[in-house]
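Work through these exercises with the sequence and the model open side by side. Try each task before reading its solution.

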Amino acid sequence: MEAKRAKAVAAAVVVSLLFLLVILWQMSMARRSAVEREELRVDYSFLRKVAGLPIKFRIEVLVAATDNFQVLLGSGSSASVFRGILDDGTSVAVKRIDAAERGDREFRAEVSAIASIQHVNLVRLRGYCIVAGGPRFLVYEFVANGSLDKWIFPSAGGDREDQQCLPWALRYRAAVDVAKALSYLHHDCRDCVLHLDVKPENILLDESFRALVTDFGLSKLMGKDESTVLTTIRGTRGYLAPEWIIGTGVSDKSDIYSYGMVLLEMVSGRRNVQLVGGGAASQTKWSYFPRIVNEKVRQGRMMEVVDERLKSGGEPPAEREVRTLVHVALWCIHEKAEARPSMARVVDMLERRIAVDELPLQTEMIISRILASDEPNVLEDGAAGDTRAAAAAAVAVSGLESHLSTSYSLDMSDLSGR
Ligand SMILES: Nc1ncnc2c1ncn2[C@@H]1O[C@H](COP(=O)(O)OP(=O)(O)O)[C@@H](O)[C@H]1O
Ligand SMILES: [Mg+2]
């Protein structure tokens, strides 16, 4: 009996020991995999960090960083951008995209375009945040001097003393910076990235006034074997290339057109397309500056298009540099996309590796007619106040494909102002 009990106890001890061993073994395996997981996580976030890939932020972090979205840096058609400081002291600009469906599309476009690309002249995306059923956020590095428009256009009503006016040398350098950023997007990324909203509001200036391209909300990726992509018109009046307006598809050449428009604005310090004459709607007219530039340049009066503020005080712009910028701009805004230079060529022209003495042949500037067909219905600078039909005819005459059916009947009010 005694022997039987001793056997049972021994068996129980052995079973318990085995059981304990199994538990210890399982615990050690679990600990090991937790350590491995942690190591992997550290490796992964280290890799993301060194690769500069965007990270996911929690909304509480963004609320704290921006002090509950207190300081508005700027806003565009679907987003507001707020100043913030992260825990580690980094200054950031937090872009809150509110519009529901379009917002989601723009958020995805923006993330897919720049999440994995980097260039000294492109703004850096640090991270993102998605609130279920709510707004989306993009966290960018903060760019100290804000957008270019504030530095080249005189602010309405501001007194002359506190106007910010970017000196000529910095304008020229910023023009080269933007050209390099676009050249990188068009030629050096795996897919060609079309920005599709190049304008002064989407160009930022850092503390040394180097330019950074931002706002990829409308951007598209174009495979290397594609020559154009179709997309709905959502750009900004005055910067949209004719082929986009008439619906024949956009390409890198559409960015080049917008870039040319920006160049003219940098030289002149005025908007290319603006309403002049106040008061009754019947007295307001569209003024289309590229037409004026075109005429002045051909009459040998090119220096008259330069921003007056640059001529008084400081180093006045060198005529040679003005000629380069204006000639490049006129090539870039050529209404036939194929006549526009590539962005890589533009960089070479601006850096004087390729001479740009020739001017393009004078063209119709059909965009001015399209504007004339928009209300208010008159153009200031010579072109008759035509109708859309006349503009359509101009498109046909100019040799552009006349796919004017549905796309041409666009409502110009679909386009955002600025
Ligand atoms: N990283 C930034 N640093 C400083 N200001 C910025 C930054 N990003 C945007 N802004 C300001 O906010 C404005 C709107 O930003 P943007 O990204 O263009 O939004 P939207 O898509 O609404 O046009 C810009 O024109 C600029 O004035
Ligand atoms: Mg913008």
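**Exercise 1. The core**

Which residues in the largest nonpolar core touch the most other members?

*Solution.* 
Step 1. Note that this is a predicted model. The core holds 88 residues, and Val178, Leu263, Val328 and Cys332 touch the most other members.
Step 2. In soluble globular proteins, nonpolar side chains tend to be buried together.

**Exercise 2. Contacts of Cys332**

List the residues in contact with Cys332, leaving aside its neighbours within four places in sequence.

*Solution.* 
Step 1. The contacts of Cys332 include Ile256, Tyr257, Tyr259, Gly260 and Leu263.
Step 2. Go to the higher-numbered side. Arg340, Pro341 and Val346 are also in contact with Cys332.
Step 3. Link back to the core. Leu263 and Cys332 are both among the core residues that touch the most other members.

**Exercise 3. The shell around ligand 1**

*Solution.* 
Step 1. Count. The ligand is surrounded by 22 residues, the closest being Gly74, Gly76, Ala79, Ala93 and Asp215.
Step 2. Assign elements. β2 (72-75), β3 (79-85) and β4 (91-97) each give two or more residues to the shell. β2 gives the most, with three residues.
Step 3. The shell has nine nonpolar, 10 polar and three charged residues.
Step 4. Sort by domain. Domain 1 (55-141) and domain 2 (149-415) each contribute at least three residues to the shell.

**Exercise 4. Lys95**

Is Lys95 buried or exposed? Locate Lys95 in the fold and list its contacts.

*Solution.* 
Step 1. Look up the record. An unreviewed UniProt entry places the feature "binding site" at Lys95.
Step 2. Locate Lys95. It sits in strand β4.
Step 3. Apply the cut-off. A residue is buried if 20 or more other C-beta atoms lie within 10 Å of its own. Lys95 has 28 C-beta neighbours inside 10 Å, so Lys95 counts as buried.
Step 4. List the contacts. Leaving aside neighbours within four places in sequence, Lys95 is in contact with Ala79, Val81, Phe137, Leu138 and Tyr140.

Definitions and conventions
Residues are numbered from 1 along each chain as its sequence is written. Chains are lettered from A and ligands numbered from 1 in the order in which they are written. This is a predicted model: local features need pLDDT of at least 70, side-chain atom pairs count only at pLDDT 80 or more; totals for chains, interfaces and linings use all residues. A residue is near a molecule or strand if its C-beta atom, placed from the backbone, lies within 6 Å of it. Helices (H or I, at least four residues) and strands (E, at least two) are DSSP runs, numbered from the N terminus. Ala, Val, Leu, Ile, Met, Phe, Trp, Tyr, Cys and Pro count as nonpolar, Asp, Glu, Lys and Arg as charged, and the others, Gly among them, as polar. Domain bounds come from an automatic or database domain assignment. A nonpolar core is a set of buried Ala, Val, Leu, Ile, Met, Phe, Trp, Tyr and Cys residues joined through C-beta atoms within 7 Å. A residue is buried if 20 or more other C-beta atoms lie within 10 Å of its own, exposed if 12 or fewer, and partly exposed in between; C-beta atoms are placed from the backbone. Two residues are in contact if their C-beta atoms, placed from the backbone, lie within 7 Å. UniProt positions are given in the numbering used here, feature names are shortened, and annotations may be inferred rather than shown by experiment.
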